[in-house]
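This briefing is intended for a reader who has the sequence and the coordinates at hand. Please consult both while reading the points below.

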Amino acid sequence: MTDALHTPAAVTLTSFRDAMARLGAAVHVVTSDGPGGRAGFTATAVCSVTDSPPTLIVCLNRNASAYPAVVANGVLCVNTLAGGQAGISNTFGGKTPMAERFAAGTWSTLETGAPVLEGAIAHFDCQITERTAVGTHDVLLCQVVAIHSDTAAPGLLYLDRAYHALHGG
Ligand SMILES: Cc1cc2nc3c(=O)[nH]c(=O)nc-3n(C[C@H](O)[C@H](O)[C@H](O)COP(=O)(O)O)c2cc1C
């Protein structure tokens, strides 16, 4: 067969990124605090592994400014953004100084001391239990030690390199 479906495209950085842009993903602000200081970054590379024990993976670029703090603190909170929070996603999405990022939100804590963002639809407060380097990123295995979720507010989707606020109901 030689039709488009059966002729594989070359796997390049661009073809991989373009194909991944077609996968819709929830948007999270991942935060940390502790001896390494307060830090945070925007992430879509967050996924459930198992509910027994409740475990997530978070993929973090080792060049990100938040990386040293996240590793030193050994804890993080995954704050899953609501439909109206695209602005804070951009603020945590790169280049903005850490103090300015945190000035853009209102914060509390659960168990670990990692910052919990007011208005997010779910908060997964985690201990990092394992860290594995894969290419440019570290895959962080995160055990969830506290949860808070507000199921009423609709979520935020990142798809085709754009934000889409989901509608409730
Ligand atoms: C929508 C969106 C999703 C992102 N997802 C990830 C991710 O899953 N993992 C990651 O390491 N960086 C991700 N980034 C990039 C980081 O948020 C950004 O590189 C990080 O804040 C580091 O920037 P800095 O080094 O300027 O602080 C994402 C950015 C955006 C805008």
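The following notes go from the whole chain to single residues.

The model is a predicted one. The protein contains 4 helices and 12 strands. With a radius of gyration of 17 Å, close to the 15 Å given by the globule rule for 169 residues, the protein is as compact as a globular protein of that length.

**Overall form and surface**

- The C-alpha trace spans about 55 × 40 × 35 Å along the principal axes of the protein.
- Of the 169 residues, 35% are buried.
- Where contacts link residues at least 6 apart in sequence, 63% of them join residues at least 24 apart.
- The protein has an accessible surface of about 9300 Å², and carbon and sulfur atoms account for 57% of that surface.

- His28 belongs to strand E2, which covers residues 28-32.
- His28 has a relative accessible area of 7%; because this value is under 20%, the residue is classed as buried.
- A polar contact of 3.0 Å connects the side chain of His28 with the side chain of Thr80.
- Beyond its neighbours within four places in sequence, His28 is in contact with one group of residues comprising Phe41, Thr42, Ala43, Thr44 and Val46, and with another comprising Val78, Asn79, Thr80 and Leu81.

**Strand E3: Gly40 and Ala43**

- Gly40 is located in strand E3, residues 39-43, and Ala43 is placed in strand E3 as well.
- Gly40 is buried, its relative accessibility being 0%.
- Ala43 is also buried, with a relative accessibility of 5%.
- Apart from residues up to four places away in sequence, Gly40 touches Val30, Thr31, Ala66, Phe92, Met98, Arg101 and Phe102.
- Gly40 and Met98 are 58 residues apart along the chain, and 7.4 Å separates their C-alpha atoms.
- Ala43 contacts Ala26, Val27, His28 and Val30 when neighbours within four places in sequence are set aside.
- The C-alpha atoms of Ala43 and Val30 are 6.7 Å apart, with a sequence separation of 13 residues.
- Val30 is among the contacts of Gly40 and among those of Ala43.

**Strand E10 and Gln143**

- Gln143 lies in strand E10, a strand that runs over residues 137-149.
- The relative accessible area of Gln143 is 32%, and the residue is partly exposed.
- Leaving out residues up to four places away in sequence, Gln143 touches Pro53, Pro54, Asp125, Cys126, Gln127 and Thr129.
- Between Gln143 and Gly113 the C-alpha distance is 15 Å, and the sequence separation is 30 residues.

**Loops and backbone geometry**

- The peptide bond between Ser52 and Pro53 is cis, with omega at about 0 degrees.
- Pro53 sits in the loop that links strand E4 (46-51) to strand E5 (54-61), and Pro53 is one of the residues touched by Gln143.
- Lys95 is not a glycine, yet its phi is positive at about 75 degrees.
- The loop that holds Lys95 runs between helix H3 (86-91) and helix H4 (98-103).
- Lys95 is exposed, at a relative accessible area of 84%.
- Asp160, another residue other than glycine, has a positive phi near 55 degrees.
- Asp160 is found in the loop between E11 and strand E12 (162-165), and Asp160 is partly exposed at 40% relative accessibility.
- Pro154 occupies the loop between strand E10 (137-149) and strand E11 (156-159).
- Pro154 is partly exposed, with 32% relative accessible area.

Key:
Residues numbered from 1 in each chain as written. Predicted model: local features only at pLDDT ≥ 70, side-chain atom pairs only at ≥ 80, totals over all residues. Heavy atoms only, no water. Helix = DSSP H or I, 4+ residues; strand = E, 2+ residues; numbered from the N terminus. Rg over C-alpha atoms; globule rule 2.2 N^0.38 Å. Buried < 20%, exposed > 50% of the residue type's maximum accessible area, 1.4 Å probe, protein only. Contact = heavy atoms within 4.5 Å. Areas by Shrake-Rupley, 256 points an atom, 1.4 Å probe, with all protein chains shown as cover. Polar contact = N/O pair within 3.5 Å; in protein donor to acceptor, adjacent residues only side chain to side chain.
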